[in-house]
Amino acid sequence: MMAKKPPKPAPRRIFQERLKITALPLYFEGFLLVKRSDYQEYEHYWTELRGTTLFFYTDKKSTVYVGKLDIIDLVCLTGQNSTEKNCAKFTLVLPKEEVHLKTENTESGEEWRGFILTVTELSVPQHVSLLPGQVIRLHEVLEREKKRRTETDQLPVMPVEKEKEPIQGYADALNPLPECFYAVSRKEATEMLEKNPSLGNMILRPGSDSKNYSITIRQEIEMPRIKHFKVICTGKNYTIELEKPVTLPNLFSVIDYFVKETRGNLRPFIYSADDNFDMIAARVKQLAQLLWEEALRLFPLFCCFGFVHLKIPS
């Protein structure tokens with residue numbers, strides 16, 4: 001088997017951003033085509049194997065995953081015959097579902113099979129066709145995973161508390177929000193889209209009732225138009241209020257739905273780090289100006305009632 005170049009890892013900045021979501025160790029990463037039980041077609045994801053969990057990202061540069069799959073209870077991994085050349089297909093059989101995976105080439109398929117079986121069975125599989133260097137990596141990952149589980153087992157067991165109702169607030173480390181979410185009003189979302197069309201044309205924001213969400217979009221067909229769509233929390237799902245309501249499992253799927261239905265004409269509005277800094281600086285400057293104007297307006301009143309005492313140095 002000829003050695004192939006491993007996929008380049010995500011840039012360091014993105015890697016560090018993902019560490020804020022999970023502290024699980026990264027063992028392997030690359031592109032995977034994934035088809036879960038509720039999907040009819042394969043979806044293309046940049047995938048990370050961290051611990052015994054697969055994290056799915058829309059691309060290599062995304063900092064927030066769109067889905068994850070815990071494979072610690074893997075029943076078995078079965079191969080599939082593929083009619084496509086240079087392609088590997090296999091199925092992860094889990095207690096509650098079967099997940100079909102496809103790789104872009106057979107070499108990548110062998111690597112994925114090797115790493116998945118190593119972390120779930122806690123042993124290096126003997127029936128995968130890998131190069132000596134790749135087998136060494138599997139042994140290293142095996143030792144790391146054994147150590148991780150030992151340390152996890154030694155952690156003190158905390159008493160289970162009754163699940164609390166979510167407090168008003170949209171940021172949740174265990175339930176991350178899409179990158180195009182901003183805690184802004186309807187008016188502010190409209191202004192953001194109008195002033196920065198190059199950054200995208202779709203914003204996810206809090207709903208007016210502070211319990212649900214809204215999507216604000218800006219479309220340019222004949223002339224720019226702003227539209228708003230309600231996204232209602234229905235148990236663990238989210239329903240987009242359309243002529244025919246659409247219910248989806250998470251907010252990432254909601255964003256993905258708008259992108260796919262418009263064939264990419266709608267794009268999530270995402271600030272870069274520099275843009276974020278500029279926006280915050282502009283808001284601070286605007287607030288400072290308002291405070292200064294208000295102080296000047298009230299100054300004569302304070303003087304009149306003796307609230308202001310000027311100490312003149314002798």
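This is a predicted model: local features need pLDDT of at least 70, side-chain atom pairs count only at pLDDT 80 or more; totals for chains, interfaces and linings use all residues.
Q: Which strands does H2 lie across?
A: Helix H2, residues 106-121, lies across E1, E2, E3, E5, E6 and E7. Its direction is at about 120 degrees to E1.

Q: What span should H2 have, and what is the distance between its ends?
A: At 1.5 Å a residue, its 16 residues should span 22 Å. The end C-alpha atoms are 22 Å apart, which agrees with that expectation.

Q: What caps the N-terminal end of H2?
A: Asn105 does: one of its side-chain oxygens lies 3.4 Å from the backbone nitrogen of Glu107.

Q: And which residue follows the helix?
A: Leu122 follows H2, and its phi is positive, near 55 degrees.

Q: Changing topic to the sheet: in what order do the strands come?
A: The order is E4-E3-E2-E1-E7-E6-E5. These seven strands form an open sheet with antiparallel pairing.

Q: How many bridges join E1 to E2?
A: Eight bridges join E1, residues 26-35, to E2, residues 43-50, and the two run antiparallel. Within this part of the sheet, Leu33 stands opposite His44 in E2.

Q: Now E6. Which strands does E6 pair with?
A: E6 is joined to E5, residues 76-80, by five bridges in the antiparallel sense. E6 also pairs with E7, residues 98-103, over six bridges, again antiparallel.

Q: Which residues face each other there?
A: Gly79 has Phe90 of E6 as its bridge partner. Thr91 stands opposite His100 in E7.

Q: How many residues lie between E6 and E7?
A: There are four residues between them, and the two strands form a hairpin.

Q: Are the faces of E6 covered or exposed?
A: Both faces are covered. Ala88, Phe90 and Leu92 are buried on one side, and Lys89, Thr91 and Val93 are buried on the other. Six of the six residues in this strand, 88-93, are therefore buried by the under-20% cut-off.

Notes: Residues are numbered from 1 along each chain as its sequence is written. Side-chain values use heavy atoms; hydrogens and water are left out. Buried means under 20% relative accessible area, exposed over 50%, partly exposed in between (1.4 Å probe, protein chains only). Two strands pair if DSSP finds at least two bridges between them. Contact means heavy atoms within 4.5 Å. Axes are lines fitted to C-alpha atoms, for helices over the stretch in contact, and angles run from 0 to 180 degrees between N-to-C directions. The expected span of a helix is 1.5 Å times one less than its number of residues. A polar contact is a pair of N or O atoms within 3.5 Å; within protein, one must be able to donate a hydrogen and the other to accept it, and residues adjacent in sequence count only if both atoms are side-chain atoms.
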